[in-house]
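User: Hi! I'd like to walk through this model with you. Could you help me read it?

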Amino acid sequence: MAKYRIAWLAGDGVGRDVSDAAWIVLERLNVDAEYIQGDIGWEFWRTEGEALPKRTLDMMKTTDCAFFGAITSKGVDKADKELVPELQGKGYSYRSPIVRMRQLLDLYICLRPCKAYPGNPLNYKEGIDLVVFRENTEGLYVGVEYAHVPEEFYAVKGMEKIPRSAAISLRSISPEGSERIVRAAFEFASKHNRKRVTAVHKANVIRQTDAVFMEAARKVAAEYPGIQFDDANIDAMGMWLLKNPLNYDVIVTTNLFGDIISDLCAQMVGGLGFGCSGNIGKDYAVFEPTHGSAPKYAGQYKVNPIATILAAKMMLDWLGEADKAAQLEQSVADVIAEGRVRTYDMGGDSSTLDMARAIAEKL
Ligand SMILES: NC(=O)c1ccc[n+]([C@@H]2O[C@H](COP(=O)([O-])OP(=O)(O)OC[C@H]3O[C@@H](n4cnc5c(N)ncnc54)[C@H](O)[C@@H]3O)[C@@H](O)[C@H]2O)c1
């Protein structure tokens with residue numbers, strides 16, 4: 001029996017292309033794992049009314065972690081409604097399977113390392129090496145939204161300022177949810193000899209929810225006196241990151257701010273072809289590139305697989321295979337530095353699989 005069982009969720013579009021690339025390097029690394037294919041994505045929504053079928057979730061529960069490619073999400077059109085009888089007469093109700101996985105499996109950490117590998121022509125500045133910890137289950141992404149304000153809400157003081165025509169989305173931030181994401185950031189900093197943790201918020205305006213987040217952040221920071229702690233408003237942080245990205249080390253923040261900041265950081269180290277991420281809970285994790293299914297390139301084996309291969313590196317680290325993870329990262333770094341194999345986004349014409357094979361050859 002293999003040491004690890006890994007749910008393999010390639011998805012659709014270029015999700016399949018980049019998963020094939022990750023497969024090549026994992027095979028070369030000889031990881032003692034069994035990979036179990038799972039259904040996820042747009043096709044299953046169209047045909048079954050469910051983008052993350054229950055059988056996939058059940059299968060995931062029998063595995064150690066999951067590896068995810070990318071999927072297409074879009075509005076539900078008339079043809080889709082005709083195809084799925086249960087959807088007839090209903091409005092738009094597509095739910096992102098990624099957000100669902102995060103919530104159902106309580107994958108509260110979204111970990112996004114952003115490193116400028118030397119020689120990458122897309123680096124904004126050499127030397128950037130940031131890690132973003134984004135809270136993954138709360139905030140504005142809890143999905144409690146109303147197309148019109150429910151009448152009973154007007155019983156609450158302050159609601160008279162909100163027009164009856166407004167749509168509203170609720171932001172919920174709990175002390176427990178905040179404490180565990182900040183603790184994860186400090187634990188990471190302490191384990192990886194990182195010097196500084198910066199908490200990002202907008203507490204001067206979003207007073208209640210960000211006060212909860214910042215109170216938890218200060219409480220946890222006090223337990224780690226050896227690590228410098230500071231905080232910044234989300235808007236200022238955008239500017240400071242562009243001006244002085246080398247000043248930052250570990251960033252921790254709430255769900256929406258983390259979504260934005262982590263894309264900003266990813267762009268500084270090469271963009272979508274380099275952005276990898278781990279959705280991590282207490283006992284389970286899902287690793288993925290941050291890009292989507294890029295439909296115009298689907299099946300062409302043209303996009304850059306480095307984001308996905310770095311997600312595989314994160315998965316190996318999480319499984320405790322630190323040596324294999326380090327070897328894989330070194331091979332990625334060597335191929336980038338040599339500059340012989342480059343996909344279109346890096347200014348070359350190598351294919352997805354050329355890049356994977358070049359990385360595999362270094363292992
Ligand atoms: N995690 C996910 O599965 C995920 C994330 C984002 C978007 N999506 C979905 O993907 C679909 C397409 O969305 P989109 O076009 O806005 O975003 P996208 O990330 O799929 O692609 C946008 C563009 O970025 C470039 N790109 C993406 N990945 C690349 C790579 N690995 N290498 C080089 N270039 C790359 C391509 O030019 C592509 O057209 C939508 O249905 C969207 O909802 C899924």
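User: Which residue does Arg 134 stand opposite in β10?
Analyst: Arg 134 stands opposite Thr 253 there. Before we go on, this is a predicted model, where local features need pLDDT of at least 70, side-chain atom pairs count only at pLDDT 80 or more, and totals for chains, interfaces and linings use all residues. Residues are numbered from 1 along each chain as its sequence is written, and side-chain values use heavy atoms, with hydrogens and water left out.

User: Thanks! In what sense do β5 and β10 pair?
Analyst: Strand β5 (residues 129-135) and strand β10 (residues 250-253) pair in the parallel sense over four bridges. Pairing requires at least two bridges found by DSSP, and strands are DSSP runs of E with at least two residues, numbered from the N terminus, while helices are runs of H or I with at least four. Val 131 has Val 250 as its bridge partner in β10.

User: And how does β5 pair with β4?
Analyst: Those two are antiparallel, over seven bridges. Cys 110 is the residue opposite Arg 134 of β5.

User: Is β5 mostly covered or uncovered?
Analyst: Mostly covered: six of its seven residues are buried, meaning under 20% relative accessible area with a 1.4 Å probe and protein chains only (over 50% is exposed, in between is partly exposed).

User: Zooming out, what is the strand order of the sheet?
Analyst: The order is β2-β1-β3-β12-β11-β4-β5-β10-β8-β9, in an open sheet of 10 strands with mixed pairing. β2 (33-37) and β9 (228-233) stand at the edges with a single partner strand each, so one side of each has no neighbour in the sheet.

User: Switching to helices, at what angle do α1 and α10 pack?
Analyst: Helix α1 (residues 14-28) and helix α10 (residues 306-319) pack at about 50°, with axes 9 Å apart. Axes are lines fitted to C-alpha atoms, for helices over the stretch in contact, and angles run from 0 to 180 degrees between N-to-C directions. That makes α1 oblique to α10; under 35 degrees would be roughly parallel, over 145 roughly antiparallel and 65 to 115 roughly perpendicular, with the rest oblique.

User: Which residues of α1 meet α10?
Analyst: Val 18, Ala 21, Ala 22, Val 25 and Leu 26 do, against Thr 308, Ile 309, Ala 312, Met 315 and Leu 316 of α10. Contact means heavy atoms within 4.5 Å.

User: One last thing: where is His 291 found?
Analyst: His 291 is in the loop between β12 and α10, and at 12% relative accessibility it counts as buried. Leaving aside neighbours within four places in sequence, its contacts include Val 14, Val 18 and Thr 308.
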